[in-house]
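Student: I have a model open and would like to learn how to read it. Where do we begin?

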Amino acid sequence: MKGMGRRFLLAGVAAALAATAAGDSILSRLPFLSKGPGFDFNGDGSVRIAVLSPAVHAGGINAAVWATDLEGILKASVKCPVRVGLVPLGKYRSMMGWWYAPDTDIEREKLVNGQTDLLLLAEHEEIVKRYPEFFFEGVRCVAALARANGVKTALVMMSSPRATHRDKLPDSTAEIVYRVGAGCGIEVIPAGYGWKQALFHNRMPGDSPQKARCGAFLAAAAVYSQYSGEAVRKAGLEVFWTTAKTAGALAESALEAVRQERIRRHYSKPFAGVVATGQRLSPDMKVYQAAAPDSDPVLPNLKALLQTANLRLFSRSVADWYTDGVDRFWVPFDLVYGDRQQIKQYLDRSVYTTPYTGEAFKPCVAVFSRLPEGLSKTDDILLRLETLLFDGYDFARENKLVYIPYPLAWARACAADPAMVATSDPARRNDWLSYMLANMLYAACTGRFQPPSEQPKPHYANSIHPASYHARCARIGYDTMIQLSGLSEANNALLVRNDFSRTAAGQPGFAGVRLLDRPAAPVKVLFAVDNPNEAALSCEEAEFTPENFDIEQTVRVTPLTGEANRFVQFMAGATSSDRAVDGKSDTRMLVLNFNESEPGGFEFSTRELSPKTGFSPGLKPSLRPTAILEVSVRQHGMETQRMVFAPEALDAQPLRAHPTLSDYRQGRLDVELAVKSEDLRYNGVTFRQEFQLNRGGQTLPGLKVTEPAPGTVIAGPAFVTAAAEAEVPRGVRRVSLWTGMKCLGSGEGPKCAAAIEVGPPQSRLAPGKYLVWAETETVDGVVLATKPMELEVSGAGAGEK
């Protein structure tokens, strides 16, 4: 064995001498005396590394310390000048806030100037886990700057050192960090797993008082191992704060973390965050404004966008509640939107006094943050950008809403062209910015992008619309939503155009498909329908290349059955090696063999009203509607409820029955349903239904409106209060007061008093005639209503309300 060892040693020396003859140094060929790993990525003869990081990470890990440790490790391993510089985030909590702040221009230049070889990005663990979308935005911006300047970039995953290796905290952090790294096209250095490896191999105790100091060294060692493929060399283990043996154990742990995490999959399911997008199938967009229509410039822009997309708009607002008592919980809205104050009111069920029995439909409830009032300078807004976004995001997350990061899209627009956000009146933002917000709401609800048409856009704040501003802002808004919702910078779109949602009997329909941007590789788009027995496609796939990506390819949808009004879903999905478009899809609802000759009708879950069956029978159309049905429910000669049915919302909705004493005596309740719709099978038709009424042997409590007195005439405009009281208080659970179909208030027990309002809270009654009535419910389930009583407010222009 000794002879064999000598032969290997002599062979190595001979190889080194041969290399010397070829011009290489002997020392450079001996492994223990080599120049070390190459960190000189730009080949200028020196190593310069910049670290963008908060000053202190979770667990007390000091960024300046691990930057110094990295510099020491490299100086002991490479034979060229080494400089590792820290650029702290300063007063900003995140890289995003630091990036968009107007006072960090000089620091941004430091990241890529001076022939930087490597840029290391490290975010605080709290920001990574609590605000993953904004963590992505910061990494995206900085990585794009580095890429443009040819600087290699890496994302350092930091995690607080835990007491046991079984703790799952690093895994949840790594899931976000690796998603963002993949989405921005940069590698991840798993520094946060080094401590876990040290605990797993019993190299360090979980309660070590030097956990924070070890975490800093592990971060530096992980960076070294990531690019060298080896543990820190012996010379780099000579540190002042611990023994070389301990430093060596930490270095081995960092190397093992790098090797293991490099081959491990850290996530599998699609990302689901607070900034999210959905996919609604209806040909009608049903929108609820949490704001008053006259003060909202977004809805007109959303309407213009939907017209371009060949979608019908059905909208209601908080004003419809104030004036008519439209109950927002029984309309299958696709989208509900507003700012924080407006959505907070929307979520407060006590503001809407109609009894809440649960939402039959789950709309996309989206909240956005407005720009600060009174600020016209962009720098002033950018300084507050991080706080605006974090506050709005927290509100959305706490209330399980979708967050629309409008201030971030505004900041992106400002970076693209400051002229697009410049304004002389801070109270009236530019029209193209309102159009941008409308596009963000559209993307949140449908996941789609609609290229703007050449048609004029709504004018609100600007008399002149520059040619490209609306198109540029629309794309910025769409990119912001899609990129943040998927934590991926690459973004293309599959554009599906169908100028029809209904086709005549035996006639085919057509759908046009193309890509939004030029792909980096060929794209195959697959087509299908949800029921192949009812429709056939002219082709099942199409291919788009970088040369023909914007040339629309048409698919013909032909009915295979003669049955009328067949609903099918046309689906298109893209597959490609280009990550920007791979997996993109769209679905459209179509009605084939459309026929309006068959009369429509309604079905009830029961035709008997009693304490046993309840007083809210289920109601649904007998024929599936092809457009929205707006149903006015009338009882006792007045409208008591307004219900909305949509083609995609097939479940029955509860009709609120309000029987009076005379109805109980007759044993029946007559209800009328007046329908308004673009579906001519229902439009303009009045349906009548008679319900059998049974009190189930229970005693009727009796009920009367005590204020105002019948026939009262009040000089207006005036504040008017109504009151009602059960004549037999025993067994009364609740009494409520109404005007028309608006519930004014409800109280537990036999009495109730409320202000009569047909406008915003604390508003006076305008001159006119109003119908006031009351209703009570007993503990045995009996419902009893009074006949409507007329109240007149005198004044010019009086009319019935």
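Tutor: We go through the overall chain, then the cysteines, then one serine. Keep in mind that this is a predicted model.

Student: How many helices and strands does the protein chain have?

Tutor: The protein chain has 20 helices and 36 strands. Its C-alpha atoms fill a box of roughly 115 × 60 × 60 Å along the principal axes. Of the 801 residues, 54% are buried.

Student: How many disulfides does a search of the whole structure find?

Tutor: The test is a pair of cysteine sulfur atoms within 2.5 Å. A search of the whole structure finds zero disulfides. For Cys445, the nearest cysteine sulfur belongs to Cys364 and is 5.4 Å away. For Cys752, the nearest one is that of Cys743, 7.5 Å away.

Student: Is Cys445 buried or exposed?

Tutor: A residue counts as buried under 20% relative accessible area. Cys445 has 1%, so it is buried. Cys752 is also buried, at 8% relative accessibility.

Student: Where is the place of Ser159?

Tutor: Ser159 is in the loop between β4 (152–156) and α8 (169–184). Apply the cut-off again: with a relative accessible area of 6%, Ser159 is buried.

Student: Which residues is Ser159 in contact with, leaving aside its neighbours within four places in sequence?

Tutor: They are Ile61, Glu125, Leu169, Pro170 and Gly192. With Glu125 there is also a polar contact, 2.9 Å between the two side chains.

Student: What of contacts across the protein chain?

Tutor: Among contacts between residues at least 6 apart in sequence, 72% join residues at least 24 apart.

Key. Residues are numbered from 1 along each chain as its sequence is written. This is a predicted model: local features need pLDDT of at least 70, side-chain atom pairs count only at pLDDT 80 or more; totals for chains, interfaces and linings use all residues. Side-chain values use heavy atoms; hydrogens and water are left out. Buried means under 20% relative accessible area, exposed over 50%, partly exposed in between (1.4 Å probe, protein chains only). Helices (H or I, at least four residues) and strands (E, at least two) are DSSP runs, numbered from the N terminus. A polar contact is a pair of N or O atoms within 3.5 Å; within protein, one must be able to donate a hydrogen and the other to accept it, and residues adjacent in sequence count only if both atoms are side-chain atoms. Contact means heavy atoms within 4.5 Å.
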